[in-house]
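Subject: A structure for you to explore

Hi,

I am passing along the structure we talked about, with some notes to read beside it. Please open it first and have a look around before you go on.

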Amino acid sequence: MNRIPPLPADWLHALRLDSSATWIDELCRLAAESYGSEVVYPPAADLWKAFELCPFDRVKVVVLGQDPYHGPGQAHGLAFSVPRGVAEPPSLRNIFKEFASDTGLTPPPSGDLTAWAREGVLLLNTSLTVRAGVAASHADGRWNSLVNRVLEVLNAEGRPLAFWLWGAHAQKRGAELSNPRHLVLRSAHPSPLGAYRGFWGSKPFSTTAEWFKTQGIDGPDWSAGNPTFEL
């Protein structure tokens, strides 16, 4: 059975997942069983990468997607991201197109969004795993408890945060976001089927950047990791 690494300590503390929260242990056990019985993406070692690269106290923007890419070598624990050297899937290409249109800047040179994660962008899916070749195969509620807890705790934060809910799955999961201190942007999913239904022209990057200015704080540096940017 594949070993599931522990969730980073800062997130365990923030989510109040102490020894009495046995459901997280059960979730990890079931995840380990899935990895042991079928081909699952992302690799077990990358399961918590979104949390590892974006510590709780550094979260500025939460980008909520659906589930990991289900092709070999694509998913690596960050929603919408692929490892360096892997071709950009259609959803990510559409994100980069909207980025360029929205900001006037050149998109990142790689589909690896690690630099954005390190800037405080929590790239989170509503399902953290998927069976190889079968989209939404683990969107059966198994990850709801964890994702709901993450959103609940972040929603309660006093610091201003931005939430991007892309697609019906994300909007359903984020329906309880109610803190007026936060910015919540809802749009269609950036997939080829959804982009024409409201993702194009939604301007999440510029809207969020301007909103952070009104809060008197700096938002993510979207140029991080791209030496071709001139800001």
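The chain averages a pLDDT of 94, and 96% of the residues score at least 70. The stretch to treat with care is 227-231, where the pLDDT is below 50. In the model this stretch still has 12 contacts beyond near neighbours in sequence. Where pLDDT is low, the predicted coordinates should not be read in detail.

Next, the cysteines. How many disulfides does the count come to? The count is zero. C28 is in no disulfide, and the cysteine sulfur nearest to it, in C54, is 19 Å away.

Now for the pockets. The largest pocket holds about 260 Å³ of space. Its lining has 16 residues, and F205, A209, K213, P220 and W222 lie nearest the centre. Which helix gives the most to this lining? That is α8, with six residues; α8 spans 204-214, and α4 (90-103) also supplies at least two residues. By class, the lining of the largest pocket has nine nonpolar, four polar and three charged residues.

The second largest pocket has about 200 Å³ of space. Among the residues that line it are D67, H70, N125 and H189. Its lining divides into five nonpolar, five polar and one charged.

Finally, there are two cavities of 30 Å³ or more. The largest cavity has about 120 Å³ of space. Of its 18 lining residues, G77, L78, A79, N125 and L128 lie nearest the centre. Both α3 (49-53) and β3 (121-125) give two or more residues to this lining, and β3 has the largest share, with three. The lining of the largest cavity counts 13 nonpolar, five polar and no charged residues.

The second largest cavity has a volume of about 50 Å³. What classes of residue make up its lining? The lining has 10 nonpolar residues, with no polar and no charged ones. Tryptophans to look for there include W116, W164, W166 and W222, and you will remember W222 from the largest pocket.

Enjoy exploring!

Best wishes

Conventions:
Residues numbered from 1 in each chain as written. Predicted model: local features only at pLDDT ≥ 70, side-chain atom pairs only at ≥ 80, totals over all residues. Heavy atoms only, no water. pLDDT = per-residue confidence, 0-100. Contact = heavy atoms within 4.5 Å. Disulfide = S-S within 2.5 Å. 1 Å grid on protein atoms, 1.4 Å probe; cavity = no way out; pocket = protein on both sides within 12 Å on 5 of 7 lines; lining within 4 Å. Points joined across faces, edges and corners; volume = space filled by probe spheres on them. Helix = DSSP H or I, 4+ residues; strand = E, 2+ residues; numbered from the N terminus. Nonpolar A, V, L, I, M, F, W, Y, C, P; charged D, E, K, R; others polar.
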